[in-house]
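Biologist: Please take a close look at one part of this model for me, the aromatic rings and the stretches of chain around them. I would like a connected account, with each term given its cut-offs.

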Amino acid sequence: MSVVATPEAHVVHGMGVEQVEPDWPVLTADEVNELLRSYPEVDGGSPHSSDASLLWLSPRPLSAAALVRTGAGSFFVKRHHASVRSAVSLAEEHAFLGHLRRNGAPVVRVLVDADGRSVHERGSWTYEVHTVGVGQDLYRDAISWSPFAESSHAFAAGQALARLHAAASGFDAPHRGPAALIAGFTVFVDEDPIAAVEQYAATRPHVAAELAARTQWRDDLARHHLPFHERLRPHLQRLEPLWVHGDFHASNLLWQGDEVASVIDFSLSDRSFAVHDLATAIERNAVEWLALEEKRAGAVHTEAALDLIRGYRQVRELSTAERATLPDLLPLCHADYALSEIDYFRGVTGSAANTELAYRYLVDHTAWFAGPVGSVLLDAIRQELAS
C-alpha cells in the first residue's frame with residue numbers, strides 16, 4: 001500500500017454524491033508521530049518505533065482519521081473536535097467496545113496512552129488509536145446508502161449483526177450524554193414524540209434554535225411520523241433495551257470472502273433496541289436514497305433487505321414484538337440521528353445548506369415510506385416476517 005497524496009489534496013464525502021472539502025483539518029504525519037509517542041504499545045521505547053507513514057486518509061467528513069504504519073505495526077488514528085466528541089463521550093463508546101471484545105465480538109481494540117487513558121486530549125482535540133480490524137475493506141470508498149456489492153453480503157451482514165447483539169448483551173450502561181452525531185432511538189419510543197423532540201432540543205440549544213425557526217416542524221411530524229408511531233407504540237414496552245452499533249453499513253464491515261470478519265466504527269452507538277439496529281441496517285444498505293433523489297431506477301434493493309432479515313434470524317430469531325415492530329420502526333429509525341445532524345451542522349460547522357439537508361432527511365425519508373414505493377418495501381418485509 002502506498003503513502004497517500006499530500007493532505008492538501010484530500011477531499012471527503014459530502015451530503016450528496018459530490019466530494020467536498022473536509023470539515024476538519026486532515027491528520028498529518030508530524031501530528032500523528034507526536035501523538036503516538038504517548039502510546040507505549042506503539043512507541044516501544046526504541047528510536048523511531050513510533051514513526052508513522054500515512055497509508056490512507058479516511059473520506060468520512062465528520063472527523064479526521066488515517067490508517068498509519070509504524071515500526072510496531074499498523075494502527076488507525078482518529079481525531080475529533082472536542083465539541084463533537086468529548087473525552088467522556090468517547091469513553092462511553094470505548095467501554096462498549098471493550099465489552100464486545102470480552103464477549104468475543106470481532107471488533108478492534110482501543111489503545112491506551114502512557115497515562116492509561118483510551119482518549120488522548122490535546123488542546124481542542126480528542127484522539128483515539130485503534131488496532132486495525134481483520135479482513136478486507138471492500139467498501140472503503142462507498143458513500144452513504146450504497147448497496148451491497150454481492151447478494152451474499154446482505155445475508156452475511158445480517159448474521160454478523162445478530163452475533164454482535166448477542167455479544168452486546170449484559171452491557172447495561174445508560175444512554176450516552178447529549179452530543180452531536182449519535183444514532184439512538186429516544187424520540188419515537190416516547191408516548192408523546194412531539195414532547196420528546198422538545199425535550200431533546202431542551203438539552204441541545206442549536207437544535208432548539210433550528211426548530212424555533214421552522215414553525216412547521218410539529219405539523220411535519222404529525223403528518224408523516226405519527227401514523228407509524230401509532231402502530232409502533234403498543235409494542236414498544238415489550239422490547240428489551242440493548243446497546244447497538246447505530247450505523248451498520250457495508251462500509252463499516254471488513255470481509256474475508258463472503259463473510260464478515262470485523263465490525264468497525266462505533267461512533268454512533270448508543271442504548272436502543274436490537275430491532276432498531278436491524279432497521280437501521282436496512283435503511284443504510286437497502287435503499288439508495290441519493291439515487292432516489294435523482295429518480296434513478298433500481299434504487300430500492302428489496303432482496304437485500306430481506307436477506308439482512310433472513311441472515312439475522314438464522315442466528316437470532318426475532319421476538320413476536322420485534323417482528324411486529326420492525327416494519328413501522330423502519331420509517332422512524334433515523335430520526336434521532338437526523339436531529340443530531342442538525343445539532344452538528346447548525347451548531348458546530350455552521351452550514352445552513354447541510355442543516356437544511358438534515359431536516360429534509362428527518363422528514364422526507366419517513367414520508368417516502370408512506371408513498372407507493374416505500375409501502376411496497378414495507379409490505380415485503382411484513383410478508384417475510386410472517387413466515
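Modeller: Arginine 140 lies over the face of tryptophan 56, at 4.4 Å from the ring centre; a charge counts as sitting over a ring if NZ of Lys or CZ of Arg is within 6 Å of the ring centre and within 35 degrees of the ring normal. This is a predicted model, in which local features need pLDDT of at least 70 and side-chain atom pairs count only at pLDDT 80 or more, whereas totals for chains, interfaces and linings use all residues. Residues are numbered from 1 along each chain as its sequence is written, and side-chain values use heavy atoms, with hydrogens and water left out.

Strand 3 covers residues 53-57 and pairs with strand 4 in the antiparallel sense over 4 bridges; strands (E, at least two residues) and helices (H or I, at least four) are DSSP runs numbered from the N terminus, and two strands pair if DSSP finds at least two bridges between them. These two strands form a hairpin with 6 residues between them, and a second hairpin, with 2 residues between its strands, is formed by strand 4 and strand 5. Strand 4 and strand 5 (residues 73-81) are likewise antiparallel, over 7 bridges. Alanine 66 of strand 4 stands opposite leucine 57, and in strand 5 the bridge partner of alanine 66 is valine 77. Strand 4 (residues 64-70) is mostly covered, with 6 of its 7 residues buried, where buried means under 20% relative accessible area, exposed over 50% and partly exposed in between (1.4 Å probe, protein chains only).

To turn to the rings themselves, a search of the whole structure finds 13 aromatic pairs; rings of Phe, Tyr and Trp (its six-membered ring) pair if their centres lie within 6.5 Å, and planes under 30 degrees apart count as stacked, over 60 as edge-to-face and the rest as tilted. Among them is the edge-to-face pair of phenylalanine 96 and phenylalanine 266, with 5.9 Å from centre to centre and 80° between the planes. Because phenylalanine 96 lies in helix 3 and phenylalanine 266 in the loop between strand 10 (259-263) and strand 11 (270-273), this pair ties together parts that are 170 residues apart in sequence. Phenylalanine 96 is buried, at 1% relative accessible area, and phenylalanine 266 also counts as buried, at 1%.

Tyrosine 139 and tryptophan 255 form a tilted pair, with the centres 6.1 Å apart and 50° between the planes. Tyrosine 139 lies in the loop between strand 7 (125-131) and helix 4 (151-168), and tryptophan 255 in strand 9 (residues 253-256), so this pair joins parts that are 116 residues apart in sequence. The relative accessible area is 6% for tyrosine 139, which is buried, and 0% for tryptophan 255, which is buried as well.

Phe96 and Phe266 also belong to one aromatic cluster with Phe171 and Trp243. The loop between strand 10 and strand 11 also holds aspartate 265, which has a positive phi of about 60° although it is not a glycine. Aspartate 265 counts as partly exposed, at 27% relative accessibility. Leucine 181, in the loop between helix 4 and helix 5, has a phi near 60°, again a positive value in a residue other than glycine, but leucine 181 is buried, with a relative accessible area of 3%.

A further charge over a ring is that of arginine 122, which lies over the face of tyrosine 127 at 5.8 Å from the ring centre. Tyr127 is in turn one of the residues in contact with serine 118, among them also His94, Val110 and Glu128, once neighbours within four places in sequence are left aside; contact means heavy atoms within 4.5 Å. Serine 118 lies in the loop between helix 3 (87-102) and strand 6 (120-122) and is buried, with a relative accessible area of 18%. The side chain of serine 118 makes a polar contact of 2.7 Å with the side chain of histidine 94; such a contact is a pair of N or O atoms within 3.5 Å, and within protein one must be able to donate a hydrogen and the other to accept it, while residues adjacent in sequence count only if both atoms are side-chain atoms.
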